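Trainee: Please show me how to read the spaces and the packing in a protein model.

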Amino acid sequence: MPRFSVIVPCFKVQGFLRECLDSVLDQSFRDIEVIAVDDCSPDGSGAILDEYAARDDRVRVLHLEENAGLGRARNAGLPHATGDYLFFLDSDDTLTPGALRAMADRLEETGGPDGPDVLVFDYARTYWWGGTRRNVLARVLSEAGEDTFTAAERPEILDLLMVVWNKVYRRDFVEREGFTFPPGYYEDTPWTFPVMFSAERIATLDRICLNYRQRRQGNILSTTSRKHFDVHAQYERVFAFLDARPELAARWRPFLHAKMGEHCLDILSKPDRLPPSDRAEFFHRTAEMFRAYRPRDAAVPAELRVLEGPYAAYLLRRQSGRAARELERRTRQARATAAGRARRAATALLPRRPLDPDLVVYSAFSHRGVLGDPAAIHRAARELAPHLRGVWVVRDEECAADPALLPPGTEHVVLGSAAYRRVTERAAFFVNNVNWPGAVDKRAGSVHIHTHQGTPLKYMGVDLLGRPGARHGLDVPQMLRRADRWDHSLVAGRYAERIWERAYPCHFTSARTGSPRNDVLVGAGAEEGRRVRERLGVPEGHTVVLYAPTRREYRRGGLVERLDVARLAADLGEGHTLVVRLHPSLATGPARGLGLAELHRRGVVVDATDEPHVEDLMLASDLLITDYSALMFDYALLDRPIVIHADDWGPYTATRGTYFDITEEAPGHVSRSYRELAWLLASGAWRDEEAARLRASFRARYCEYEDGRAAERVVRTLLLGEPMPAPEPSGVPGARAVPSGRDLLPST
């Protein structure tokens, strides 16, 4: 019999579920069982649960045939629990390291094998924007003392958040009392109050054991709906519980009456809970219950007397009682948005022309030119839908004059110009791989397609806020406000879908299209690469090694020279060309002036940092050496060898953070030092059977939708509204490799 049964109900949490489960299964205290309940979730949550159950026999998965809701999903797990204690963990929250060990020790300390009926522990709110705040009433836990007690002996324990997940419950106690969860919103209310009223032995643990995730969106209780009226029925259930237990009713009915009033007024005060048209009805229903359940001769607290008057009096009190800090907050907000409001006001004075259903506005890499996924979509649109007018936004006239960035005959506008304002006002479609400027309004009926810049390994979006090396100068809230304009987010596989939904908690729909820029890589052969080699000046017959490191957030400026490229080029020897492509963010900084430009001038290496089309460099190369660049996900489509050079994996993950351990799930061999890298290249291991196996596994895992038709799929389904089958997640069609017949470094 395990010590803890952790019951985890799951519904639409695929972006958070792995983190939740890992926080439980990686605990040092292992005497647990996890009962995960897939509440007929429409996303990938069920598959994630099955994956964990297959590799850890402590996990049992229940798949419900229809969506039951949070309370009933917890109920479904109860009959399968065999642990001494029940722990209901929400699937977007996480345990802190060592939490279960601390709980087990505290239970032993306060009662041995039988233990208390309830153990209450502390938690911290972790906000989507990166902040963390401990429970403001944590002192209640420390002041409760070392021994067990009842709620009557220490009623202040009920001042804590009355939720199910900041407590563990002795299973025998729960079964004896017959506690279950009702349907509907606020299902914790008729569980926690009866539990705390009935418990004969309550213990506390003054330790943060759980991170309570404050999601930007997706929180059920932050959804505007009439379902918030469920709170009345939930309190009626608690009153019925007390009516059936006279020994408890005398003590707790006045308390519950006041709590009900406070709770309902709190719901009414929240702007995101009730539809405006239903607020008066909610107030009247609350007032009726407040009168009906008021204990005889009970005094009404001053803050609840508003429930004895009309709704108009409540509104007047709300308006006149606003705190000074709220006024100050609104003033600051007004000042911060004054310029934007003025701009919108000026725009509103002008008549707005209707949207042009055939106008598509494109941009890529902050208006650098016709590049990346948007460029691939534009090319496909010109072929499949020539009636669509495609207009590119470029940042300046210099960019517009560069044929490598803007092919001749491409219609374009310069950022900020009058022509730019005209097309962005009327366009029906917007395609970009970065956020549009704040001045671009999201008009009703327009469609914003966001392509991203590859499959993410490193933390993105809101996940950056907790990383010390990535927060400097980053305005994530502003970034998300702009991302709220997205309608469609293109994904290359289910992994990318989960990550983008987690990193950008916005209103978009994931489009399972594949990455349009990668269409040229699927099934590519030697001919495409040969033309690029000639343009780069690579001698005929040379083996091309592409070295593409990413930037480092633990160093100001982002440049960390992990490899001596001159040494690598020399060690490669005759018959090899080393092509170096720095991260685009380093292209205009001092990085290339620290030696790379001189090496390029001397012909030691090819500096391809300015090459606008990275797909060309991939096609031209025989081997990719990278560290943590997202380029590896694209290069894997070529089925050519990849080596991951991870000599600073620890500092990198500690500062930037990654969504998985690339050293454990690499698309090829991993080197931890230059000596190891040199051995891989000299021995031929870089292209052995194990390297091919790793590459194929990586490609199947992360490139599921890359079938070579991504651009066509975007045009047909998102621009034209035509049906087209989504790619099947069955791996990537066989790509033709361009093998090298020699080892890269001579054996010594």
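Mentor: A cavity is a set of points, on a 1 Å grid over the protein atoms alone, where a 1.4 Å probe fits but cannot get out, and its lining residues have an atom within 4 Å of a point. This is a predicted model, in which local features need pLDDT of at least 70 and side-chain atom pairs count only at pLDDT 80 or more, while totals for chains, interfaces and linings use all residues. Residues are numbered from 1 along each chain as its sequence is written, and side-chain values use heavy atoms, with hydrogens and water left out.

Trainee: How many cavities of 30 Å³ or more does the structure hold?

Mentor: It holds 2 of them. A volume is the space filled by probe spheres set on the points, which are joined across faces, edges and corners.

Trainee: Which residues line the largest cavity?

Mentor: The lining consists of F430, N432, V434, N435, W436, H448, I449, H450, R482, R485 and W486. The largest share, 3 residues, comes from β14.

Trainee: How does the lining of the largest cavity divide by class?

Mentor: Ala, Val, Leu, Ile, Met, Phe, Trp, Tyr, Cys and Pro count as nonpolar, Asp, Glu, Lys and Arg as charged, and the others, Gly among them, as polar. By that scheme the largest cavity is lined by 5 nonpolar, 4 polar and 2 charged residues. The second largest cavity has 4 nonpolar, 5 polar and 2 charged residues in its lining. Among them are D373, T451, H452, W500 and R517.

Trainee: How many aromatic pairs are there in the structure?

Mentor: Rings of Phe, Tyr and Trp (its six-membered ring) pair if their centres lie within 6.5 Å; planes under 30 degrees apart are stacked, over 60 edge-to-face, and the rest tilted. The structure has 41 such pairs. One of them joins W252 and F255 edge-to-face, with 5.5 Å from centre to centre and 80 degrees between the planes. Both residues belong to helix α9 (residues 246–269), where they are 3 residues apart, about one turn of the helix. An α-helix has 3.6 residues a turn, so residues three or four places apart point the same way.

Trainee: Are W252 and F255 buried or exposed?

Mentor: Buried means under 20% relative accessible area, exposed over 50%, and partly exposed in between (1.4 Å probe, protein chains only). Both W252 and F255 are buried.

Trainee: Why is the pair of W500 and Y504 called tilted?

Mentor: Its ring centres are 5.9 Å apart and its planes stand at 40 degrees, so the pair counts as tilted. W500 is buried at a relative accessible area of 4%, and Y504 is buried at 9%. Ring pairs can also join into a group: F88, Y169, F173, F179, F181, W191 and F241 are linked into a cluster.

Trainee: What lies over the ring of F229?

Mentor: A charge sits over a ring if NZ of Lys or CZ of Arg is within 6 Å of the ring centre and within 35 degrees of the ring normal. The charged end of R226 sits over F229, 4.4 Å from the ring centre.

Trainee: What does helix α25 pack against?

Mentor: In α25 (residues 674–683), the buried residues are Y674, L677, A678, L680, L681 and A682. They pack against α20 (565–572), β20 (623–626), β21 (642–645) and β22 (669–671), where contact means heavy atoms within 4.5 Å. After α25 comes G684, whose phi is positive, near 90 degrees.

Trainee: Which residues does R533 touch?

Mentor: R533 is part of helix α19 (residues 526–536) and is buried, with a relative accessible area of 15%. Not counting residues up to four places away in sequence, R533 touches V538, H542, V544, A620, S621 and D622. R533 and A620 are 87 residues apart in sequence, yet their C-alpha atoms are 5.6 Å apart in space.

Trainee: Where is D647?

Mentor: D647 is in the loop between β21 and α24 (649–655). At 27% relative accessibility, D647 is partly exposed. Leaving aside neighbours within four places in sequence, D647 is in contact with R562, Y628, S671, R672 and S673.

Methods
1 Å grid on protein atoms, 1.4 Å probe; cavity = no way out; pocket = protein on both sides within 12 Å on 5 of 7 lines; lining within 4 Å. Helix = DSSP H or I, 4+ residues; strand = E, 2+ residues; numbered from the N terminus.
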